Amino acid sequence: MPLLPDLFGAGYLIATLFFIYGLKGLSSPRTALLGNASAMLGMVLAIAIALLSPEVVGYALVFAAIAGGAVIGIVVARKIKMTAMPQLVAALHSFVGITALLVGLGTYLHHVATGQTVSMIVMIELVVGAFVGAITFAGSMIAFGKLQEILPSKPLVFKGQHFLNLVLMLAIGGLGLHFIVTYTLASFLIMILLSLLIGFLLVTPIGGADMPVVISMHNSYSGWAAAATGFILNNQLLIATGALVGSSGAILSYIMCRAMNRALFSVMSGGVGVKSGGDFSVIAQASNQGVKSASAEDAAFLLENARSVIIVPGYGMAVAQAHHAVKDLYEMLLKKGVTVKFAIHPVAGRMPGHMNVLLAESDIPYDCVFTMEDINSEFPTADVALVIGANDVINPAARNVKDSPLYGMPILDVYKARNILISKRSMKPGYSGMDNALFYVSNCSLLFGDAKAMCESITKVMREN
Ligand code: NDP
């Protein structure tokens, strides 16, 4: 047995172990830095081993690509705002997808050009790789468009959509088989085009609020696409890391689906169960009643006279970078003898754990930060629920408006609190695009303005009182 492949195999195995340790480290904020470092080390090792491979015939192009990629990566990483992280992740998933697609196509064309025969197993790998790659690429591009607000975040649903998806899937299956049996390039190309189309159609009907699941699902797909590329290129490391990403993404999707009370199959198959249109009568009724707005002085009075306050942060807190101002407000309330707790919804913000990261950054103690399950029973006894830039995660339509795209998603029971204060800048809806009936209830007042400035003003008033 040749020694060289064994050395490569051993090196790849060590790199894989670094990746596994990296994934484990990322499961807790305390070990996340170490996890990241481990994954980076694994990647350096993987690249070094790949470069030593005898198949790498020239280094100039490879190093030029690495240098170009590194420069772009550094610039993007330094410039990207924390709030734009999900669209960056979606864009990166699309790169994996298009790579898998191009590797599949390139491998086939290379075999044809060099007159080599392609084995049946390689043909199957090409079809699977191109299919998963195309779905990942097209779906991730749509997710990117929705998150970047280039495309509307509302579900795009039309009649006969699921039937069309079924027909497309059957056609893709038929063309894939035809390509495997007959080696007809045209079948392969049409199959790729249809796979791109289905990737597009599977994400357009998914509403803004379900985007977290779509992102983690594409994370999983991108892993499987990488694994498929690994099979095509006969590279064990790509297969192993692809499988790691694929399976961890699948587990994350399952966890996100449970948190949002969604069926994984429904989201994967393009929002089966999402209805088009619908009258939001509860919201329409409430809209007629108008909203109450309050000043920083009103809010300070209410808050300092409360016994218990629950603060609910959301995406707006991240946009306003208000977390340090929220910490000052929290400390001021403690000084005034008020019990303060934080309530975190699993999809608040724009990425899993977004709010926890921000609160940790501003040194808010972990023991006053509660998950939705743990705090929901406390809202009825809270004197004030202070909402800082959250909207969808407190929208009662998720409970009582059957036609709402939010319906079925668990929410923080802010509506049960004795008094509700909501900091936001306008009457604009949240990410889902749905109006929020909570704004119009009699015990709710809106604190219009930027969340950071509003929190600072409230703290200032309390300090002066
Ligand atoms: P929403 O997007 O529903 O609402 C954000 C609110 O913040 C809006 O009401 C907005 O109102 C307000 N806001 C924005 N900027 C400011 C500011 N500077 N000062 C004060 N208020 C501000 O956020 P939620 O956190 O409630 O919900 C998250 C949504 O994002 C869910 O639909 C979730 O499914 C989705 N999502 C979550 C992901 C995740 O992994 N966590 C990933 C992708 C999507 P106004 O403009 O009037 O100020």
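**View 1. Helix 5 is largely enclosed by the rest of the structure in this predicted model.** Helix 5 covers residues 120–147. At 1.5 Å a residue, helix 5 should span 40 Å. Its end C-alpha atoms lie 40 Å apart, which agrees with that expectation. E149 follows helix 5 and has a positive phi, near 65°.

**View 2. Y108 and F179 form an edge-to-face aromatic pair.** The model holds 6 aromatic pairs. Y108 belongs to helix 4 (residues 85–113) and F179 to helix 6 (residues 161–182). The two residues are 71 residues apart, and their pair links distant parts of the chain.

**View 3. Y330 and F342 form a tilted aromatic pair.** Their ring centres lie 5.6 Å apart. The planes stand at 55°, so the pair is tilted. Y330 is in helix 14 (residues 323–335), and F342 is in strand 2 (residues 339–344). The partners are 12 residues apart. Both Y330 and F342 are buried.

**View 4. Two charged side chains sit over aromatic rings.** The charged end of R350 sits over the ring of Y315, 3.5 Å from the ring centre. For K341, the ring is that of F370. Here the charged end is 5.2 Å from the ring centre.

**View 5. Strand 5 pairs with strand 4 and with strand 6.** Strand 5 (residues 419–424) is mostly covered, with 5 of its 6 residues buried. Which way does strand 5 run against strand 4 (residues 384–388), parallel or antiparallel? The two strands pair in the parallel sense, over 5 bridges. In this pairing, I388 stands opposite S423 of strand 5. Strand 5 and strand 6 (residues 444–448) also run parallel, joined by 5 bridges. There, I422 stands opposite L446 of strand 6. In a regular strand, side chains alternate between the two faces of the sheet.

Definitions and conventions:
Residues are numbered from 1 along each chain as its sequence is written. This is a predicted model: local features need pLDDT of at least 70, side-chain atom pairs count only at pLDDT 80 or more; totals for chains, interfaces and linings use all residues. Side-chain values use heavy atoms; hydrogens and water are left out. Helices (H or I, at least four residues) and strands (E, at least two) are DSSP runs, numbered from the N terminus. The expected span of a helix is 1.5 Å times one less than its number of residues. Buried means under 20% relative accessible area, exposed over 50%, partly exposed in between (1.4 Å probe, protein chains only). Rings of Phe, Tyr and Trp (its six-membered ring) pair if their centres lie within 6.5 Å; planes under 30 degrees apart count as stacked, over 60 as edge-to-face and the rest as tilted. A charge sits over a ring if NZ of Lys or CZ of Arg is within 6 Å of the ring centre and within 35 degrees of the ring normal. Two strands pair if DSSP finds at least two bridges between them.
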